[in-house]
Amino acid sequence: MMKNIFVPLDLRSDHQAVVNEATLLAKAFGSTLWLEHVAAPEPEFAGYEAGPKYIRDMRADELREEHHELLRIIKEITAKGIEAHALLIHGPTEETIIKEADRLQADLVVMGTHGRRGLAKAFMGSVSDEVLRANRFKVLVIPTALDH
């Protein structure tokens, strides 16, 4: 039985394939979907200074857009008769995903991968690799389009 399906999304990339697959699984198993976007703070916000007002305003606008996108996706999913919830959380991406999947007692994590290789993967890493390395969850990795 899959009660909770946890779906970390990168809203800056093509996430539709991940949402589609998670929705199909939730419908088939009668699961609740938990969609999460991890919003990492900008470097200006990481220290003691709050940063210039125009940067805070830009970041606030970005967060509002990300929140609206999550709500739009949730609305589409719930229209199909599936229980779904949105989470927009600040923090380090991999750690936050693992922590929330634990907290929600996820039976399955459905997430995308950009398919980065070589130097791009070495420099940027792979969130899906880190979640797999945690070795705590069943993970379904969906290939997504690499954003340029």
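Not counting residues up to four places away in sequence, Leu9 touches His15, Val18, Val19, Leu35, Glu36, His37, Val38, Leu70 and Ile73. The structure described here is a predicted model.

Leu9 also belongs to the largest nonpolar core, which has 21 residues. Leu9 is one of the members that touch the most others, along with Ile5, Val7, Leu33, Leu35, Ile77 and Val110.

Helix 1 supplies the largest share, five residues. Apart from this core lies another, of 14 residues, including Leu87, Ile98, Val109 and Val131. In soluble globular proteins, nonpolar side chains tend to be buried together.

Trp34 is found in strand 2. With a relative accessible area of 18%, Trp34 counts as buried because the cut-off is under 20%. Leaving aside neighbours within four places in sequence, the contacts of Trp34 are Asn4, Ile5, Phe6, Val7, His85, Leu87 and Leu104. The side chains of Trp34 and Asn4 are joined by a polar contact of 2.9 Å. Ile5 is 29 residues from Trp34 in sequence, and their C-alpha atoms are 6.2 Å apart.

Helix 4 spans residues 93-103, and its buried residues are Thr96, Ile97, Ile98, Glu100 and Ala101. What covers them includes strand 1 (4-8), strand 2 (32-39), strand 3 (84-90), strand 4 (108-113) and helix 6 (127-134). After helix 4 comes Gln105, with a positive phi near 55 degrees.

Note on methods. Residues are numbered from 1 along each chain as its sequence is written. This is a predicted model: local features need pLDDT of at least 70, side-chain atom pairs count only at pLDDT 80 or more; totals for chains, interfaces and linings use all residues. Side-chain values use heavy atoms; hydrogens and water are left out. Buried means under 20% relative accessible area, exposed over 50%, partly exposed in between (1.4 Å probe, protein chains only). Helices (H or I, at least four residues) and strands (E, at least two) are DSSP runs, numbered from the N terminus. Contact means heavy atoms within 4.5 Å. A polar contact is a pair of N or O atoms within 3.5 Å; within protein, one must be able to donate a hydrogen and the other to accept it, and residues adjacent in sequence count only if both atoms are side-chain atoms. A nonpolar core is a set of buried Ala, Val, Leu, Ile, Met, Phe, Trp, Tyr and Cys residues joined through side-chain atoms within 4.5 Å.
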